[in-house]
Amino acid sequence: MNNLIMSLSGEATNLSDSEISSFKKNFSGSLLNKNDKEYNEARLIWNGMINKHPALIARCKNSRDVSLAVKFARNHNLLVSIRGGGHNVAGNAVCDDGLMIDLSLMNNVSVDQKKMTAILGPGCTLGNADLETQKYGLVIPAGIVTSTGVAGLTLGGGFGWLSRKWGLTCDHLISVEVVTAEGEIIKANANENSDLFWGLKGGGGNFGIVTSFEFKLRELGPEITGGLIIYKLEDTEKVLSFYNEYISTAPREVTTVLVYRYCPPAPFIKEEFHGKPIFAIGALYAGRADKGLEIFKPLKRFGSPIGDAIVPKPFVTHQAMLDAGQPKGASYYWKSEYLKEVPQGLSEKFVEQTINTSSAASIIAAFQLGGAITDVGEEDTAYSFRNAEFVININTQWQNNSESEKHINWARKTQQLAAPYSMGSGYINFASSDETPERVTKTYGEEKYKKLVALKRKYDPENFFRLNQNIKP
């Protein structure tokens, strides 16, 4: 029997049963096809807009399995996608008719409390990582939604509630294990394959499959002070004016996010405001909970908030605060820009777009950056725009895929309105599937992009790893 599968050249090729059996003989994971009952669940990812059907899914259990899958795909010239946590909005984790190498079963977390390090598998989510590290009052500075995959987050840079205090997720990498485009298993760190290590800190999945991440940990929690404070949308101008003054003197321990959206049915907000447009400030203090309460006093006292949930709580609870608004299976389309500031002129456009939104579930968020992110040099990692003070996430969400066009158009229009205020590009992990090569180049800047192209030529000259925000050799 012949099994049709997509080749790298874009044409269908046949794999015989004996070729598939030969691969399975040494593969310790499971190889799924469209007839297997686990297939459908395995192919679905967080973004419900992505509805692709790989011919085969190789569910790997260890780095040897990953190496075997890469060699199998190379030998048969197969189109390959790589799934880590499956949270990437662009949906590059899945391919139509090719081979999906699925790392989601490799979700182990091993913490060394004495050394203050942790080793994580590529299928790990932030939720997995936080639950294990917080047992020891330790943490990896990472993202803001617990279902985010650690692998994709780190390879794109990785910012979150702790970045201003300690830097990006990729800045905490000590060492990685990588399966190359040849299927070779190698180490990369400051001493071994240091050029590759540099490229993996922000260059995405272009250079290989990372099968193990070793991170330096920080001390935090288990209790912190953080949460959301919510205002009516018409109060945005005066609240933003106060906010800009407040953050100008706030310490690095403070990280905030500005949110423009329709009010969810949160229990700490009066019911009369549910479903109405709002402006919110999310905040966390990366230190002692009592000190955080003191620091946030001016914020909590200002204006007439309709809800205030900035309180002492476990860090893991805070990390899950935004989860309910980002459910798996909804459809998502994102746009992004780096900013030096959020001025009133831009905020007015966000207010207008919120009122005219195509979906009550959509969000415009401006995440505060700066602080320790700027302590690492611009040339020291592939990640760029370290001098940005904010990154915006235009986050469209809807349920019915027959209505996709109007929601995508809303996000694009919002991005166009933000473009005059942009530093020139956006965050690579917030890029949707239609990002242009020109835009990817701008994300790194001309000179750094040339360096990344040279690295791609060295580690993946045939562009085997191409389903990503691609750096073409």
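1. Is Glu 177 buried or exposed? This is a predicted model, and in it the relative accessible area of Glu 177 comes to 18%. Buried means under 20%, so Glu 177 counts as buried.

2. As for its place in the fold, Glu 177 belongs to strand β10, which covers residues 173-179. Leaving aside residues up to four places away in sequence, Glu 177 has contacts with Ser 63, with Ile 185, Ile 186 and Lys 187, and with Ile 209, Val 210, Thr 211 and Ser 212. For one of these, Ile 209, the separation from Glu 177 is 32 residues in sequence, while the C-alpha to C-alpha distance is 8.4 Å.

3. Which side chains make polar contacts with the side chain of Glu 177? One is Ser 63, whose side chain is joined to that of Glu 177 by a polar contact of 3.2 Å. Another is Thr 211, where the side-chain polar contact with Glu 177 is 2.6 Å.

4. The next point concerns helix α12 (residues 344-355) and helix α13 (residues 404-418), whose axes come within 10 Å and cross at roughly 165°. Angles over 145 degrees count as roughly antiparallel, and α12 and α13 are therefore roughly antiparallel to each other. Their crossing is right-handed.

5. Which residues of α12 and α13 meet? On the α12 side they are Leu 346, Lys 349, Phe 350 and Gln 353, and on the α13 side Trp 410, Lys 413, Thr 414, Leu 417 and Ala 418. Sorted by class, this contact holds 5 nonpolar, 2 polar and 2 charged residues.

6. Helix α12 also pairs with helix α8 (residues 236-249): the two axes come within 11 Å and cross at roughly 140°. That angle makes α8 oblique to α12. The crossing of α8 with α12 is right-handed.

7. In the contact between α8 and α12, Thr 236, Glu 237, Leu 240 and Ser 241 come from α8, and Gln 344, Ser 347 and Val 351 come from α12. The class counts here are 2 nonpolar, 4 polar and 1 charged.

8. To sum up the helix pairs, α12 meets α13 through residues that include Leu 346 and Phe 350, and meets α8 through residues that include Ser 347 and Val 351. The α12 and α13 pair is roughly antiparallel, whereas α8 is oblique to α12.

Methods:
Residues numbered from 1 in each chain as written. Predicted model: local features only at pLDDT ≥ 70, side-chain atom pairs only at ≥ 80, totals over all residues. Heavy atoms only, no water. Axes fitted to C-alpha atoms, helices over the stretch in contact; angles between N-to-C directions. Helix = DSSP H or I, 4+ residues; strand = E, 2+ residues; numbered from the N terminus. Parallel < 35°, antiparallel > 145°, perpendicular 65-115°, else oblique. Left-handed = near helix turned anticlockwise from the far one by under 90°. Contact = heavy atoms within 4.5 Å. Nonpolar A, V, L, I, M, F, W, Y, C, P; charged D, E, K, R; others polar. Buried < 20%, exposed > 50% of the residue type's maximum accessible area, 1.4 Å probe, protein only. Polar contact = N/O pair within 3.5 Å; in protein donor to acceptor, adjacent residues only side chain to side chain.
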